[in-house]
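Subject: Structure handover

Hello,

Here is the structure for your files. My notes on its side-chain contacts follow below.

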Amino acid sequence: MEWLKVSKANLTVYIHPSKSNQVSKAVLRELSSLLFTFSEIVDGVVLAYDVNSLDTCAKILPGVHPYLGVKLKANLLLFCPKPNTLLEGKVVKLTQESIHVVVLGFSAAVITEKDIREEFVCKTKKGQEVYASRSNKRHVIKVGTMIRFLVKSFDEEILHICGSLIPDHTGSIYWLDKNLEVVSHADRSEKKKRIEPERIMLEQGAVDGELSTLDIVQKRTNAKKQKHWEES
């Protein structure tokens with residue numbers, strides 16, 4: 001998943017002097033405040049962190065309230081959707097104008113009608129609206145479906161995504177993965193079919209009395225041996 005990555009960060013956390021006797025707790029509290037917010041420093045939304053090392057020698061910063069600068073190293077799990085990358089999420093609402101998706105349980109995404117390819121048509125089945133493919137009746141998107149879509153834009157402030165289902169490799173993840181397996185199997189079968197006729201033609205040539213490459217080489221070798229015996 002290119003939209004999830006782990007970043008190794010060297011950070012400095014500023015602690016109020018009143019927390020100097022509980023530095024570790026104060027540091028963790030400050031790091032927790034970064035969760036599920038976009039950070040320009042690491043260029044992503046911080047989903048989790050793991051502190052590797054904590055500098056025990058904090059630097060006192062000058063000022064009216066001299067804060068303590070604590071240096072640390074941490075691994076940060078980042079959510080960083082970029083335009084033209086693929087995302088996966090769960091459909092939570094469907095209308096004729098749009099498809100609403102939740103990614104990782106916290107980020108909302110919307111795919112509007114203009115960004116849904118013409119292959120899909122909105123229908124009502126068993127009292128609920130679904131998007132069904134015209135070319136494959138088994139390719140259906142409904143509430144609860146996990147879909148793969150393309151990122152058009154990402155609002156870093158409210159963590160909102162605008163997506164697209166225009167590319168052919170987007171849609172229901174279940175159908176896409178299963179369809180890819182069928183295509184892959186079909187390619188292997190086609191390759192096998194191309195190889196088999198060559199073997200059959202070679203065997204048929206031997207049956208019909210035609211000389212194969214191996215027969216020609218053998219006859220040339222025998223002719224050379226015969227000539228050598230006659231000369232000697």
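I start with Asp177, which counts as partly exposed at 34% relative accessibility. The cut-offs are under 20% relative accessible area for buried, over 50% for exposed, and partly exposed in between (1.4 Å probe, protein chains only).

First, the ground rules. This is a predicted model, in which local features need pLDDT of at least 70, side-chain atom pairs count only at pLDDT 80 or more, and totals for chains, interfaces and linings use all residues. Residues are numbered from 1 along each chain as its sequence is written, and side-chain values use heavy atoms, with hydrogens and water left out.

Salt bridges

Asp177 forms a salt bridge with Arg148, with the closest N and O atoms 3.5 Å apart. The criterion is a side-chain nitrogen of Lys or Arg within 4 Å of a carboxyl oxygen of Asp or Glu. Asp177 lies in helix H2 (residues 173-207) and Arg148 in strand E12, so this pair ties together parts that are 29 residues apart in sequence. Helices (H or I, at least four residues) and strands (E, at least two) are DSSP runs, numbered from the N terminus.

Glu88 and Arg148 meet at 3.2 Å, N to O. Glu88 sits in strand E6 (residues 86-94) and Arg148 in strand E12, so that bridge ties together parts 60 residues apart in sequence. Arg148 is buried, at 13% relative accessible area. Glu88 is partly exposed, at 23%.

How many salt bridges does a search of the whole structure find? The search finds 5. Another of them pairs Arg117 with Glu119, with the closest N and O atoms 2.9 Å apart. Arg117 is buried, with a relative accessible area of 8%.

Aromatic pairs

Rings of Phe, Tyr and Trp (its six-membered ring) pair if their centres lie within 6.5 Å; planes under 30 degrees apart count as stacked, over 60 as edge-to-face and the rest as tilted. By this rule the count comes to 4 aromatic pairs. One of them is Phe36 with Phe106, edge-to-face, at 5.2 Å centre to centre and 65° between the planes. Phe36 lies in the loop between helix H1 (23-32) and strand E2 (38-39), and Phe106 in the loop between strand E7 (98-103) and strand E8 (107-112), so the pair ties together parts 70 residues apart in sequence. Phe36 is partly exposed at 43%. Phe106 is partly exposed too, at 25%.

Phe79 and Phe154 also pair: their ring centres are 6.1 Å apart and their planes at 85°, so the pair is edge-to-face. Phe79 is in strand E5 (residues 68-79) and Phe154 in strand E12 (residues 146-155), 75 residues apart. Phe79 is buried at 0% relative accessibility, and Phe154 is buried at 16%. Ring pairs link Trp3, Phe36, Phe79, Phe106 and Phe154 into a cluster.

Nonpolar cores

A nonpolar core is a set of buried Ala, Val, Leu, Ile, Met, Phe, Trp, Tyr and Cys residues joined through side-chain atoms within 4.5 Å. The largest one has 23 residues, and Phe79, Ile99, Val101, Phe149 and Ile161 have the most contacts inside it. Strands E3 (44-54), E6, E7, E8 and E12 each supply at least two residues of this core. E12 gives the most, with 4 residues. Another core, of 15 residues, lies apart from it and includes Ala9, Val46, Leu72 and Leu78.

Best wishes
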